[in-house]
Amino acid sequence: MPSYEQLREVLDPATTVLLTVECQQGVVGTESALPELAEEARSSGALANVARLVFAAHQSGVQVLHAVAERRPDGRGANRNARLFRAAERLPVQQLSGTRAVRIAPPVEVAEEDLVVRRLHGLSPLAGTGVDPLLRNLGCRTLLVTGVSANVAIPNAVFDAVNLGYTAAVPADAIAGVPADYTPAMVRNTLALVATITSTQDVLGAWKRPRGA
């Protein structure tokens, strides 16, 4: 874990963007297409920690960007080149554009100044979504990655951020995957090699404490 001084440097509010990944009703909500993942996101406290971080970001002037995965009713533009995509087509809850399933799930709150980016394809919140130029226009240097899942979208976002030249940071208690013991293994054996690993409490402390204190 980095020191508070190092973390304050990495998470400077002027150059940090908080990314929430697929924190939407149809994924982590009470009517999720993926009930096991939704239960883990809630019971682990990960979703509540995402909400805490979003609230603190709003208070600290940190830009928040919500990445939402959705599909058209006719499926146009959606991937079918992996088992995951084909299985998603058969789920009882579909992430259809304009429906409740693609709204950000409570307790995460969306402020007027937040950006919401929706993708119709792929696995990554960054690749081919227009997020990279948005981040550059915002002066982003560090991308703080939260949400689900630790199995696929979170590591994908971290790798893409690093490949694009950003510093990636991950509060380990603000991401979730299944089974429960997979997330800490992913953090320890993979994400820690390429990202700054921290905790929700330490991020909140870094944004509260004045620099140099």
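The lining of the largest pocket divides into 18 nonpolar, eight polar and five charged residues, where Ala, Val, Leu, Ile, Met, Phe, Trp, Tyr, Cys and Pro count as nonpolar, Asp, Glu, Lys and Arg as charged, and the others, Gly among them, as polar. The model is predicted, so local features need pLDDT of at least 70 and side-chain atom pairs count only at pLDDT 80 or more, while totals for chains, interfaces and linings use all residues. Residues are numbered from 1 along each chain as its sequence is written, and side-chain values use heavy atoms, with hydrogens and water left out.

**Pockets**

- The largest pocket has a volume of about 790 Å³; a pocket is an open set of points on a 1 Å grid over the protein atoms alone, where a 1.4 Å probe fits, with protein on both sides within 12 Å along at least five of seven lines, and lining residues have an atom within 4 Å of a point.
- Grid points are joined across faces, edges and corners, and the volume is the space filled by probe spheres set on the points.
- Of the 31 residues lining the largest pocket, Glu22, Leu34, Leu84, Ala88 and Leu91 are the closest to its centre.
- Helix H2 (25-28), helix H3 (35-43) and helix H5 (83-88) are the elements that give two or more residues to this lining, and the largest share, four residues, comes from H5; helices (H or I, at least four residues) and strands (E, at least two) are DSSP runs, numbered from the N terminus.
- The second largest pocket holds about 200 Å³ of space, and its lining divides into three nonpolar, four polar and four charged residues, including Glu9, Asp12, Arg136 and Arg141.

**Overall fold**

- The secondary structure of the protein chain comes to nine helices and seven strands.
- Among contacts (heavy atoms within 4.5 Å) with a separation of 6 or more, 81% join residues 24 or more positions apart.

**Backbone features**

- Most residues other than glycine have a negative phi, and most peptide bonds are trans.
- Glutamate 22, in the loop between E1 and H2, has a positive phi near 50 degrees and is buried, with a relative accessible area of 13%.
- A cis peptide bond with omega of about 10 degrees joins proline 106 and proline 107, and proline 107 is found in the loop between H5 and strand E3 (115-119).
- The peptide bond from valine 178 to proline 179 is also cis, with omega near -5 degrees, and proline 179 has its place in the loop between strand E6 (175-176) and H8.

- Threonine 183, in helix H8 (residues 182-194), counts as buried at 7% relative accessibility, and its side chain reaches the backbone nitrogen of glycine 177 at 3.0 Å.
- Not counting residues up to four places away in sequence, threonine 183 touches Ala150, Ile175, Ala176 and Gly177.
- In helix H9 (residues 200-208), the buried residues include Val203, Leu204 and Trp207, and the buried residues of H9 pack against elements including helix H1 (4-10), helix H4 (46-60) and strand E5 (167-171).

Technical notes
Buried < 20%, exposed > 50% of the residue type's maximum accessible area, 1.4 Å probe, protein only. Polar contact = N/O pair within 3.5 Å; in protein donor to acceptor, adjacent residues only side chain to side chain.
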